[in-house]
Structures are given as C-alpha cells and as structure tokens.
Amino acid sequence: MSHTFKIYFINFAKLLVLLVVIFALPYFIQISVWKINKALADQTPSSFSGYAWSDNIGWVSLSGFNYGLSFDTNKKLSGYAWSDNIGWITANESELDDCPSNPCRAKIQNGQLTGWLKALAGGTSQSGGWDGWISLSGQGYGVTQNGSALSGYALGGDVVGWLDFSYASAPVT
C-alpha cells in the first residue's frame, strides 16, 4: 500500500465517521427528546389558557407564571385562577368543602364543566357576607368545551356575576 493511498484512506475514514456523527447523532438526540417530552406530557396535567370575563370584576386569568387551572387524566380540575379585583380563585378539591350544592368537585364531564370554584376572599370577615362560590353549571347556564374552545357562563352571585369563558381554551379532553 502506498503512502499516498494510506493518507487518502485515513482521511476517508475520518470523513465517514464525521458524516455518521453529523447525520446519525441528531436522529438519536431527537428520539430521546421526544421520549422525554412524551413522558412529561403523560405526567403533567392539561392546563387551561386565556381569560374569563365578568362585567362586575373584569378579567380572570386562568393561567400565568406559577399558577393556573388544569385538569388531570380523570378530568378533575385543580389549581388557581387570578382576578385583580377579588384575588385567587381555587379549583382545588380540598378548598371546595361546604359548597352550596353537590357535586363540589370541579371537573369536565361530557364536554361540560361541573361543580364549583371558590374565590378565596369570599366567606371571610372582610367579605361583607359574600361567600365566594362560583357555579360552573346550573339550570339554563354552564361552561362547555367544544374541541379546545370553552364557551358559556359560570355564575358567581352578586359580586362576580356572570363569568364568560369564551375567551379561554383547554386541551381537548
């Protein structure tokens, strides 16, 4: 084997290794990232996005930095929404005890949100008798999900009034 041929052969082998690294390695990295993202998605509840609107209290943010409403694989809602005028609104089952009527637990059932939310400022000595309860459905009203879009109204009594969910969305259940 001539010296020139050995140099060409070594350079060709280096080039081949480099091409394998350039083209094969990203494929395996992409597969790994996909598997990690899928595992995280399987563990993470599905989050709501957007806002609900009330003529009485203004905008209610359904998600933000370090907070948000979400639902788990059983379609049970949890987490917090935020209103600049009434503060935190909870969907956590542990904070929905003693709701006005059963079922208390907020959830998505057959495309309809059922149960209750509660403004944590309600029912306190400073709330002036307002209890803070927000009904997600009732006789002649309710919040529904069609695809990712939410529509309809929840009812929060005299303080909150009608809460319009048409500016919000949730992942398809």
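Biologist: As what does leucine 18 count, given its relative accessibility?

Modeller: The general idea is a scale: under 20% relative accessible area is buried, over 50% is exposed, and the range in between is partly exposed (1.4 Å probe, protein chains only). Leucine 18 has 46% relative accessibility, so it counts as partly exposed. The model is predicted: local features require pLDDT of at least 70, side-chain atom pairs count only at pLDDT 80 or more, and totals for chains, interfaces and linings use all residues. Residues are numbered from 1 along each chain as its sequence is written, and side-chain values use heavy atoms, with hydrogens and water left out.

Biologist: Where is leucine 18 found?

Modeller: Helices (H or I, at least four residues) and strands (E, at least two) are DSSP runs, numbered from the N terminus. Leucine 18 belongs to helix α1, which covers residues 3–43. The protein as a whole has 2 helices and 16 strands.

Biologist: Which residues form a nonpolar patch on the surface?

Modeller: A patch is made of residues with over 30% relative accessible area and no salt bridge; like charges are joined within 9 Å, and nonpolar side chains (Val, Leu, Ile, Met, Phe, Trp, Tyr) within 5 Å. A salt bridge is a side-chain nitrogen of Lys or Arg within 4 Å of a carboxyl oxygen of Asp or Glu. Accessible areas come from the Shrake-Rupley method with a 1.4 Å probe, and for residues only the protein chains shown count as cover. Here Leu15, Leu18, Leu19 and Ile22 make up the nonpolar patch, with about 340 Å² of accessible area together. The protein exposes about 10700 Å², of which carbon and sulfur atoms supply 58%. Of its 173 residues, 33% count as buried.

Biologist: Why does the pair of tryptophan 59 and tyrosine 167 tie together parts that are apart in sequence?

Modeller: Tryptophan 59 lies in strand β3 (residues 58–61), while tyrosine 167 lies in the loop between β15 (162–164) and β16 (168–169), so the pair ties together parts 108 residues apart in sequence. Tryptophan 59 is partly exposed at 43% relative accessibility, and tyrosine 167 is partly exposed at 47%. Ring pairs link Tyr51, Trp53, Trp59 and Tyr167 into a cluster.

Biologist: Which residues does a disulfide join?

Modeller: A disulfide is a pair of cysteine sulfur atoms within 2.5 Å. The structure holds 1 disulfide, between cysteine 99 and cysteine 104, with an S to S distance of 2.0 Å. The torsion about its S-S bond is about -80°, so the disulfide is left-handed. Both cysteine 99 and cysteine 104 are buried.

Biologist: Which residues does a cis peptide bond join?

Modeller: The cis peptide bond is between asparagine 102 and proline 103, with omega about 0°. Proline 103 is in the loop between β7 (87–90) and β8 (107–109). Aspartate 98 is placed in the loop between β7 and β8 too; aspartate 98 is not a glycine, although its phi is positive, about 65°. With a relative accessible area of 72%, aspartate 98 is exposed.

Biologist: Which side chains meet in a salt bridge?

Modeller: The count comes to 1 salt bridge, in which the side chains of glutamate 93 and arginine 105 meet at 3.3 Å, N to O. Both residues lie in the loop between β7 and β8, so the pair ties together parts that are 12 residues apart in sequence. Glutamate 93 is partly exposed, at 44%, whereas arginine 105 counts as buried, at 16% relative accessibility.

Methods: Phe/Tyr/Trp six-rings, centres within 6.5 Å; stacked < 30°, edge-to-face > 60°.
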